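Take a look at the structure below. We will walk through it step by step, beginning with a single residue.

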Amino acid sequence: MIKQNDTIKNKTIILPGEVYTLLHYLTMVALSFVLFGIILFIIGKDPIQSYRDIFSSTLGSAYGLSEVIVSMTPILLTGLAVALPSRIMLINVGAEGQLYIGAAFATWGALTFQNLPAWMLIPIMIVLGMLGGALWALLPAYLKSIGLVNETITSLLLNSVAPKIIGFLVFGFWHSAMETNKTPRFVEAARLPTFLGTRISWGIVIGLVLLTAFWLLMQYSRWGLEMKAIGGNPQAALRNGIPLKTYILVVFCAGGAIAGLAGMVQASGYYGLLLTNFSIGWGFMGFLISWLVGGDPLGIIIMSFLVSLIFSGGNLLQITSGVPYSIINILLALTLFVVLAQPTLSRGKRT
Amino acid sequence: MNLLSLLGILSSAIYSGTSLLYTALGEVIHERAGMVNLGLEGVLLVSAASGFAITVQSGNPYLGVLVSVIAGALLNMVFGYLTVIRKANQLASGLAIMFFGFGLSALIGNPYVGKSIHALPRFELPGLAHLPTLTASLFRFDLLIFLVIPTAVIVWFLLFRTRWGLGLRAVGENANIAYASGRNPLLIQFQALLVGGMLAGLGAAHIAIAYAMNWTEYMTGGRGFIAVALVIFSRWHPIRAIVGALLFSASVAVQLVLQNSGINISPFLLDCFPYIITLLVLIAWGGTKKQQAPASLGRVFQGTK
């Protein structure tokens, strides 16, 4: 029904393109909220009260808003980790694994150089985290650059290996005296500083700076221009003297490095330690976010905020309504479904 | 290390490998038709939760298996709607299905946490009557285990020895040419998803109703992704998938053997082993023309305008 109305609106009312796109998105999000409301109603919860709770708890208070930004931090970074390689038509499904390895490298730094002051230790951990993520992306990038195996398959496979390596390191060497699935708490110098009284760490600032840098790179630099050329037609770019293999290696590994940084930010800024299986699908979420907005930097910020809003609301739903936390995934997935089902946005032609 | 414990290990490998093989066979069919379904994890969870719920409610495990199969097929139809009808990106749609499955299975399964069921009945392997009771008891399998190898053979037959399979593989190689030669790629992809979803449903049923015999959130523990890796390992071939399933489930068994003989290797490293083999397989056969991935895997058929 709503879809029909939509197409009618498209034909009869003439709106400026951007306003129309915004309305379009809002309609779709509203539709998914209605669908989830129906599910809440079926399981005997009051949908209106639940939504009121979700919004008042997240957008209605400074604390709630700060928690949304806390959970937005990792997916902002993994979204960028996918968006960057996507500009030269590389599909990075491996952000999840790169995030794990980045966190492991950063943790090694935190445990080894405990005695350094924060101004030295934090940069070391950032570099190590990025190095770990980049290394985990190196094999898929190399195999792609020599034309042997598709990067999608290899990066996906490596996702399953990375958490096992974390398990090996934590259980085998790094675990604390009390719990075998966690490292001891990092020293204060190894923690990313947080903003006054909240749990928001500098990770969000790093993420926003990197997104801006990404936008500037694509917009104004020679590299951005060459990446656009590769994205348009790799063979033509190669014939014009653009070093295609180098670009594949560097850009894919840079994506991995950013995902690794996300892992470092979570270990250092959020948990303050490394625990096994700590990621709740942040890498995959980053893939979805980046794909839904076509790798657009501003879109990544908006979409990751929206996703985090939904997730933070889910936390509350569990506390007040006693439903399992993970059912908030349904609301998230419904939002994704209605966006995915839009042929105009997924750039496909209708039959 | 005696014979009995070796047999016990083999038996447990068979138990944990069965669900993997069913799921992988389903994914072989999708991928041969050109569709990568990363949502398998979600499909498995929803099938397992609904099958388990029905088994608790009705007391009949076979009814539970049936419901699992239907649930798997239905969720794959959602994937089909997004990717085949609405032409959405397959990887993104699959991940969306995965998150949907996380949520929906938690919702369905929540009232049944901690409930016990009548599991699928187990039968003795015929011809083992003369063995000692203890040994024979290791080889009491349920119906789904007995059917898994025949299912693999049937999938092989369907894909490589029937006109339907020929059409399906043609769609996976090049949907436009298949369309030009008079086949309907959309219909074929939907059929592939239907059969694949049913097979994943069987796998999920085996996890919940025969193997674990309970429901916990995220109980499939990444089996959906293991199945995708297994399909790559077997180079998109149902018979080789049998070997793959044994390899992936045997790493658990090997751990036990090594522990018994006093060799201390971290179980986490052993878990990595099948993936490393899969990577080596990819590299070894990469670039050769012999049994590559279906040519238009992951590409969305845009239709002819």
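Does Asn277(A) count as buried, exposed or partly exposed, and how many C-beta neighbours lie inside 10 Å? Asn277(A) has 15 such neighbours, so it counts as partly exposed. The cut-offs are these: a residue is buried if 20 or more other C-beta atoms lie within 10 Å of its own, exposed if 12 or fewer, and partly exposed in between, with C-beta atoms placed from the backbone.

Some ground rules come next. This is a predicted model, in which local features need pLDDT of at least 70 and side-chain atom pairs count only at pLDDT 80 or more, while totals for chains, interfaces and linings use all residues. Residues are numbered from 1 along each chain as its sequence is written, and chains are lettered from A and ligands numbered from 1 in the order in which they are written.

How confident is the predictor? The complex gets an ipTM of 0.87 and a pTM of 0.88. Chain A has a mean pLDDT (the predictor's confidence in each residue, from 0 to 100) of 86. In chain A, 92% of the residues reach 70 or more.

Helices here are DSSP runs (H or I, at least four residues), numbered from the N terminus, as are strands (E, at least two). Over residues 1-12 of chain A the pLDDT is below 50, and this stretch has 3 contacts beyond near neighbours in sequence. A contact means that the C-beta atoms of two residues, placed from the backbone, lie within 7 Å. Residues 345-351 of chain A also stay under 50 in pLDDT. For them the model has 14 contacts beyond four places in sequence.

Back to Asn277(A). This residue is found in the loop between helix 11 and helix 12 of chain A. Most residues other than glycine have a negative phi. Met89(A) also has a positive phi, near 60°. Met89(A) lies in the loop between helix 4 and helix 5 (95-112) of chain A. With 13 C-beta neighbours inside 10 Å, Met89(A) counts as partly exposed.

Now turn to helices that pack together. Two packed helices are described by the angle between their axes and the distance between the axes. Take helix 4 (residues 62-86) and helix 11 (residues 244-271) of chain A: their axes come within 8 Å and cross at roughly 175°. Axes are lines fitted to C-alpha atoms, for helices over the stretch in contact, and angles run from 0 to 180 degrees between N-to-C directions. That angle makes the two helices roughly antiparallel. The labels work like this: under 35 degrees is roughly parallel, over 145 roughly antiparallel, 65 to 115 roughly perpendicular, and the rest oblique. The residues of this contact divide into 15 nonpolar, 5 polar and no charged. Here Ala, Val, Leu, Ile, Met, Phe, Trp, Tyr, Cys and Pro count as nonpolar, Asp, Glu, Lys and Arg as charged, and the others, Gly among them, as polar.

The axes of helix 6 (residues 143-161) and helix 7 (residues 163-173) of chain B come within 5 Å and cross at roughly 75°. These two helices are therefore roughly perpendicular to each other. Among the residues making the contact are Phe160(B) of helix 6 and Trp164(B) of helix 7. By class, this contact has 5 nonpolar, 1 polar and 2 charged residues.

Finally, see where the chains meet. In all, 39 residues of chain A are in contact with 41 residues of chain B. Helix 7 (151-174), helix 12 (282-292) and helix 14 (328-340) of chain A each supply at least two residues of the side that touches chain B. The largest share, 11 residues, comes from helix 7 of chain A. This side of chain A has 27 nonpolar, 10 polar and 2 charged residues.

Gly167(A) sits in helix 7 of chain A. With 20 other C-beta atoms within 10 Å, Gly167(A) is buried. Leaving aside neighbours within four places in sequence, Gly167(A) is in contact with Thr276(A) and Phe268(B).
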